[in-house]
Amino acid sequence: MNWHENSTDTGAENEATVDDLYDAEPVVVTPLPKRGNDVYYLGDTGRLPLDARRALCQLLIGPSIDQLRHAKLWPALIRSEAAIRSALSDLFLELVLDRDSGVAFTRQADTEDVDAPVLLRTSPLTFIDSVLLLYLRQQLAEADARGNRAVVADAEMAEALAIYEKNLSTDRAGFNRRVAAAVQKMKDTHILTRLAGQEDRHEVSPALKLLFSAEDVSALSTVYRQLRDTPAAEA
């Protein structure tokens with residue numbers, strides 16, 4: 001009957017299929033690498049230990065690593081300083097580190113004639129921004145001479161900047177907005193860190209010493225002193 005004939009043919013086809021499977025090349029299954037002390041994900045070829053990687057990431061995120069604010073990252077940075085410097089060099093960046101001040105950050109390497117990409121974000125400074133930075137740098141120098149951390153109040157910053165109001169040719173409300181914007185920028189970049197429980201008092205980051213040398217402060221002070229002492233132009 002046709003039914004039996006079809007059944008026989010189907011069995012033959014199935015038998016051939018099984019034979020083909022036996023003759024096929026065996027499938028090679030490569031086991032996943034075991035996670036070791038320095039391997040944290042599939043395909044990880046990094047050489048830095050975990051805590052040093054976190055320190056490197058914080059440096060790239062910016063703006064700095066502070067010994068007080070980053071109590072766990074700072075010792076990791078110190079332990080792996082050479083390796084972290086090497087990793088940053090691959091990105092045309094260099095590590096600026098001051099052990100005495102307990103602060104570190106990255107800056108673009110001076111590659112001279114080499115055309116290198118710029119990875120670090122830059123933010124242009126307004127006149128008020130630069131005057132505020134100079135004031136904070138001076139407060140930092142004075143606090144260092146006394147062996148203290150530099151702390152400033154909102155009212156003190158506003159008073160220090162008020163003498164430059166005439167240089168901006170703006171109304172009082174507009175000037176106050178510029179001052180507030182400059183102070184906020186310092187907070188956003190962690191140049192200023194609010195003291196716990198004190199809304200109007202902030203600590204000045206020691207990183208500012210590395211950004212502005214004593215020579216820079218002297219030169220800028222001369223320029224701003226001339227601006228401050230110049231009579232306002234009559235309308």
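Helix α2 (residues 50-61) and helix α4 (residues 81-89) cross at roughly 45°, their axes coming within 10 Å. The model is a predicted one. Angles from 65 to 115 degrees would count as roughly perpendicular and those under 35 degrees as roughly parallel; α2 and α4 are therefore oblique to each other. The crossing of α2 past α4 is right-handed. On the α2 side, the contact is made by A52, A55, L56, L59 and L60; α4 supplies I84, A87 and L88. By class, the residues of this contact are eight nonpolar, no polar and no charged.

T106 belongs to strand β3 (residues 103-108). Its relative accessibility is 9%. Buried means under 20%, so T106 counts as buried. Beyond its neighbours within four places in sequence, T106 contacts L59, L88, E94 and L120. L59 of α2 and L88 of α4 also take part in the helix contact.

An open sheet is built from three strands in the order β4-β6-β5, with antiparallel pairing. β4 and β5 are at the edges, each with a single partner strand, so one side of each has no neighbour in the sheet. From one strand to the next, the twist averages 40°. Three bridges join β5 to β6. Across that pairing, T193 stands opposite E203 in β6. Helix α6 packs on the sheet and touches β4, β5 and β6. The direction of α6 makes about 75° with that of β4.

The elements of this part are placed as follows.

| Element | Residues |
|---|---|
| Strand β4 | 151-153 |
| Helix α6 | 154-162 |
| Strand β5 | 192-194 |
| Strand β6 | 201-204 |

Terms used:
Residues are numbered from 1 along each chain as its sequence is written. This is a predicted model: local features need pLDDT of at least 70, side-chain atom pairs count only at pLDDT 80 or more; totals for chains, interfaces and linings use all residues. Side-chain values use heavy atoms; hydrogens and water are left out. Two strands pair if DSSP finds at least two bridges between them. Helices (H or I, at least four residues) and strands (E, at least two) are DSSP runs, numbered from the N terminus. Axes are lines fitted to C-alpha atoms, for helices over the stretch in contact, and angles run from 0 to 180 degrees between N-to-C directions. Contact means heavy atoms within 4.5 Å. Buried means under 20% relative accessible area, exposed over 50%, partly exposed in between (1.4 Å probe, protein chains only). Angles under 35 degrees count as roughly parallel, over 145 as roughly antiparallel, 65 to 115 as roughly perpendicular and the rest as oblique. A crossing is left-handed if the near helix is turned anticlockwise from the far one by less than a right angle, and right-handed if clockwise. Ala, Val, Leu, Ile, Met, Phe, Trp, Tyr, Cys and Pro count as nonpolar, Asp, Glu, Lys and Arg as charged, and the others, Gly among them, as polar.
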